[in-house]
Structures are given as C-alpha cells and as structure tokens.
Amino acid sequence: MHTNRLTGETSPYLLQHAHNPVDWFPWGDEAFEEARRRDVPIFLSIGYSTCYWCHVMERESFESEATARVMNEHYVCVKVDREERPDVDDIYMAATQALTGRGGWPMSVWLEPESLRPFYAGTYFPPEQRHGMPAFTDVLLGISEAWKGDRRQEIIEQSQSLADAVRHQLEEREAPVVVGENEIMDAVSGLLRIYDSQWGGFGGAPKFPQPTYIEFLLAVRDSADESTRQAIDQSVRGTLDKMMIGGIRDHVGGGFHRYSVDAEWTVPHFEKMLYDQGQLLSVYAKAAAVYEDSEYERTAIEIADYVLREMTDESGAFYSAQDAEVDGKEGLNYLWLESELRDVLTEDESKLALDVYSVASGPNFQDPHHPDEPARNVLRFSERPEQTAARLGLSVDELHAKLDAVNAKLKSARDERKQPGLDDKILTSWNAIAIHGLASLGNVSGNQAYTDAAVRATDVILTTMRDGEGTLLRTARAGEAKTPAFFEDYAWLTAALIELHHASDDTKWLDKASSLAEEAESIFGDPDSGGFFDTRENQSDLFVRGQIIYDGAIPSATSVFLNALIDLSTLTGEQWFASRAARGLVATSGAIHRAPVGYVNSARGLYRALSSDIPLAQALQAAGAKQPAQSHENAESFQAVEVFADTERISLKPGEVETFRVKLQIADGYHIVAADPGPDAADMLEPLRVGVVGGTGVGAFADYPAGVSYRTEGVEGELLVYSSEVEFDIVLEAENERAGRPIVIVTFQACSDTECLQPQTVELDVAIDVTN
C-alpha cells in the first residue's frame, strides 16, 4: 500500500522500512533541504537489521497509519542504518547519552534542520504511555507544538548547548601523560578484578564475549610473573571454556550468538554478528596455540565453517548478520522441544543428545514476550567434552563422532524451519575482521582452506570496494558499492592484510598493508594531536569530526591501527611506522592512564611498544607529557580521592530502577568541584559527574548534594565544592537494547589551595546484571 524513498537504498534495514506509511528519507541532502523548505524539524531514527526493539517500534508505530500521519505532517523523517553510517550513529548516540544519561537502539533524535544539531532524544518509545515512558505520538505532537509556537528560540539554544556537549566529548583531547608498566598492570588487575570466577566472563549479566579483553591478557601473560600468569590463565581459560560449552555457542550450526542474557552463558540474544565471529575466531585460534587445546581449535573451525557456509556470498565476501527472531519470536529457529529432538533422532541418538545438551534437566528458555509459548531448550553442554566423554565411557573422538551425526540431523531439520532474516550487505571493516580471523585459524591449524577463503574475500574487497577515483568504500550490496570508507575500515583492513601476510608468507599482503596505512594517515591523521579522526575532513552532513578511542564490542579504530603500525614497524623495519605508532600512543596516553580497561586494546599496543623499538619515551618527552597526578610514584596525589560503593552487584529488570550509594573520601587539604559548581566556576574545572561507559541500555543518574562555598585569595567569585567526604545515591535503570558491558563511572577534579589535579574518572567495581 505504501512506498517511500527507502526503496532505492541497498541496506536491508532501510529496505525493511521501504513500505511503511511513514514517508522516510535516507540520510542526505534531499531530506535536509526538504526540512528547511517546510521549516520543520527532522525526526531521525537510527537502528540496524537485527535489533529486536527496532522491530518492535516498527510494528507498533512505523507501520501504524495514524502514527505515520503525525510523523509525516510535522516532520521530515529520516532512517539510518548505523552499520552503514557509524559516523552518524556515534554523533547522535553521544547526544542521546548526554541528554538522557542512557543510549540504545532504536535511537530517536529530533534535529533542527539548518545545522542538523540535536535538541531532543531518546530510544524506544511505546505507542501508549507505559512504564513511565511517554507515548510516541505525545512526544511527536509536543515537540512540534514547541517548534511552531513561542519556544523555537529555546529549542535552538538547546540544540547549540547539546551540540557543544557532543563536540566536547568527541573532540576532547586529553593531555599526554607518561605511561608505562603501571598502566599495563592496572589493566591486568582491573580485568582480573571483574572476572567471574564461577561462570567466566568479565562482569555480570548480560554477558558479552569481550574478545578484546582476552587478546590483551594473552598478549601480556608471557612477561607476567608466575602468580599473575596463573590468574590470567584462569580467567582466559575459564571464560573460553564457559562460552564454548554454553548456549551462546550454536552447537548445531556453529558460530556464536551476540551475548548471553544470563551470567551462565545459557540463554543468548540470538542474533549472529559477523564481527563477533571474526574476533572469536582469532581468539580461539590463538588460545588453541597458546594452551595446545584441541577443543579451542575445534570451536574456531566450527565458527569458520559456519561463516563460509551461511555468511558468504558467491563472490567470497561476507554478509553482516543473521537476525535473532523468526515471526517476531526470539530464537525460534534455534530452540527445541524434547519431542522435536526425539522426532528427528534415533532412540540412542536421542538419549545422547538429551544428556549432552542438558535437555534432560528440563527446559531453560521461556520467551518473555510470548508467555503462552511452551518452554523450550537452548542446547548447551554442562561440562567440557573431555569430561562428558569420560562420564559416558567414550573417547573424546568417539563422542565428537556421535555428536557430529546428531548435529547433522538436527541441522537438516532446523533448515526446514523458517529462517531468521539475513543482513546481506558487505561491510569493509567487518569483512576485514572475518578475514583476520580466518587467516589466524589458517596460520594456527595449517589448513590452507581457511587461508584461501581469507585471500578470496580480500581480493573481493580490494577490487570491488573502490570507486572510479580509487576511494575505498564502506558498504556494498547487490553489486552496488557506496559511501567513502571510514577510519574503522582502513584500520581493520590494514590489520587483516598483516595477518594474511603471517598466514601465507606472501610479501604482497605486507606491501598492500603498508600502502593502506600510509593512505589512512593522509586521510585521517591528526597532525596536531598525533591521534586519528574517525571520519574524513569537511563532511558537510556532520557537525563534529570526532576521535573515539574507547573499546566497545569492536575495538576502536585507533587502537586497531596502533597495533597494526607496531606490526608494520617490526615487519618492515621502516622508522616511519615506529614513529607514527609512538605519536598515536602519546595521543591516547591520557585515556590509557585514566581508564586502562576501557582502552584495553590501546593498552595492548602500549605493552607491545614497551618491548619493541617504538620510540615512545622520546615521543612522550617531545610532547611535554607530564607525570600523571595519580601515578604510583606520587602516593599523596594518588590518594587525594578514594571512591567506595556500598555494593558489588546490582540486578536490574527492564523498566525498573535500582539504587546504590557511593562515598568519595577526600584527603585533607583537598576538595573536589561540586556537581553544581556555581555561576562563577571556571570553564576549565570539571564538576562531579556519574555516567555509564562501555555499553548502552543502562542509564545512571545521581542525587548530587549541594556544594559548600569555597573562596581563595587572588581568585574572584565563589566556587562550590565538597571536602572531607561526600555521599550520594546513584540510580540505575535498564531499558531497551543493551550492548557492550556498561560500567558506572564517577568523574571528579580534586584541587588544593595551590593547584588543581587533572580530572579523574574512576570505574566502579559494581557488576550490573540485567534480568528479564
């Protein structure tokens, strides 16, 4: 009945909305000019094809004729696939988090049309008022009324203020500080502190694989003392084992789902992302070599075989994702009733499967959105295969042979079911992640087939993902490639080419990696800070050019590129790569020092630089890097403020809130700037703030106490501060799609009568479990 402008797009996510009654525009000048012509705001909706709540909001609101009439009358409506345009997603996610204290997808943002600055934002909105959330149409009408009425100037001022906050967050350059072994040990101890010794993984539920953490720990274990190495091995092997036997792994079809909703890795969020497969391929392959573990190698092989079977197009490039739901139901393709297993298998096979896959213990999955559906089973092991084989009186090879036969029948039966949606677009960076993983496996296993698959995909990217002028492109589908590549694409493709050189010993891949790195520097290098921009210069559709270096589900482009530069320095002996890596580490040194777990892949680069010929010390000295105020050599400054939480774990349910209390103990002679520092506070001072980093879907709010007046000789005006100690409540709220591992942070700046220390951000050791 309806067709909108999205029919001309290639993104499967945008095409899902091409027949909504909403008059969607793709992101671009046509939409912007139309909003200016009509003098209406832009409603921007950002999501991705495998996002559960994106599907929900579409069914509830975007397919509604009544809601669409409101949207079309009062707004120019724009849809963005965050995977095609991570630059747009990054900017407006920063705005959403700054405005609301939380973020997630679908992201809903209202923009003024002239400069595309945001002035209001949220995530999922229900069709009617629910759980304290306003109805979507009420929000639409309320904002439109304010825009058309006498509040237009207030909205413009709000957009300017919010845009300034986004610029501050994305463009902020931390002053360089001297970094070294202390930061490496801080990262190690931070990871070991949040390791779940019972179930593996880092932090609480929902649990994400976090392969970047494991990559770091595997890198540093070789130089660690014996006790630290034992602790590292326990955390790495404990995590890899629990994921390997858990329901997050697809035991029938291979590959891993995106994350586990519980701490035990049993019930996954069922979508499968290419970037997860590629990173886990690398991690399991490397761990197989480090620990001489054949089960890790088998796991890596099953991931690779799944990608090559179900996520590969006819050219050899790789698709992006498979959806979590079928017919609006989570994981329906992957779940089993006991009777369904018995119908497919022989009696002996059924007996084995019910035991090994924990079905005999009873169902472990109940769809929270469809409570009338029968409880089903996510297939999972209860122990490593060697233990199961011993318990059943079998050799490990005999057990795997029997399970291979069982899985073949189950896979055949599963293939007869309705299949989850496939996002079949080709993304350069995600393909590079998969290429990197396949090359790693080929190198470790000696199986040329996996190296050959990596070569084939690389040839596709290098030959088809360039335009007529030679510009590397981001995305392609159905033979159409478009959108100039971002720094993420360059960084990962450089890393993949290096790994392919290791696997094939063919120097042509090293030559291509070197050339690509130099091209990336010319486009994205920041000559002032030594860092790297995520986007190209002078993009007219962006109001900020950011440098995001925090590691999320995918490590930051900066951290990937830093490690690639170190590789190139070692492999080629060219000084430029070493010097450029050193300058990049100087640019990230403040962040590495402040929160080494949050920037753990850059910390891995720092570790490698310290044991190589990278001229880091000289680069730090040339940049005027200061000894950090909280360094271990300056115990008094390091202890200026201590932060304590009254709990180690918080359990959240969607739509509900939980509260815990924190206390900041402030050393004698120091004070910290209050949350509301007063009108006379200098702009360069950092007020007390709480927030969430490392993930989305959890919001943090604080009931800050009022500060007390502080005045000092020679400075005009009054500053409001806290001294001695300050206590307050932090309120956490879970909502919508969670991604990453949210960590609550407290940021503050401590001062004495004579100096102010650098602002400090502390990650609280509070595990956040989100339950249904």
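Start by selecting Cys 51: at 0% relative accessibility, this residue counts as buried. Keep in mind as you click around that the model is predicted.

A disulfide joins Cys 51 to Cys 54, with an S to S distance of 2.3 Å. Cys 54 has 3% relative accessibility, so this residue counts as buried too. Turn the view to look along the bond between the two sulfurs: the torsion about the S-S bond of Cys 51 and Cys 54 is about 80°, so you're looking at a right-handed disulfide.

Next stop, Cys 77. Which cysteine has the sulfur closest to that of Cys 77? That would be Cys 54, but its sulfur is 16 Å away, which is too far for a bond.

Now jump to residues 600-610, which make up helix H23. Ten of the eleven residues here are buried, so H23 is largely enclosed by the rest of the structure. Show side chains for the buried ones: Val 600, Asn 601, Ser 602, Ala 603, Arg 604, Gly 605, Leu 606, Tyr 607, Arg 608 and Ala 609. Notice that two arginines, Arg 604 and Arg 608, are on that buried list.

What do the buried residues of H23 pack against? Colour these helices one by one to see: H8 (181-194), H9 (211-220), H21 (557-572), H22 (575-594) and H24 (616-622).

How values were computed. Residues numbered from 1 in each chain as written. Predicted model: local features only at pLDDT ≥ 70, side-chain atom pairs only at ≥ 80, totals over all residues. Heavy atoms only, no water. Disulfide = S-S within 2.5 Å. Buried < 20%, exposed > 50% of the residue type's maximum accessible area, 1.4 Å probe, protein only. Helix = DSSP H or I, 4+ residues; strand = E, 2+ residues; numbered from the N terminus. Contact = heavy atoms within 4.5 Å.
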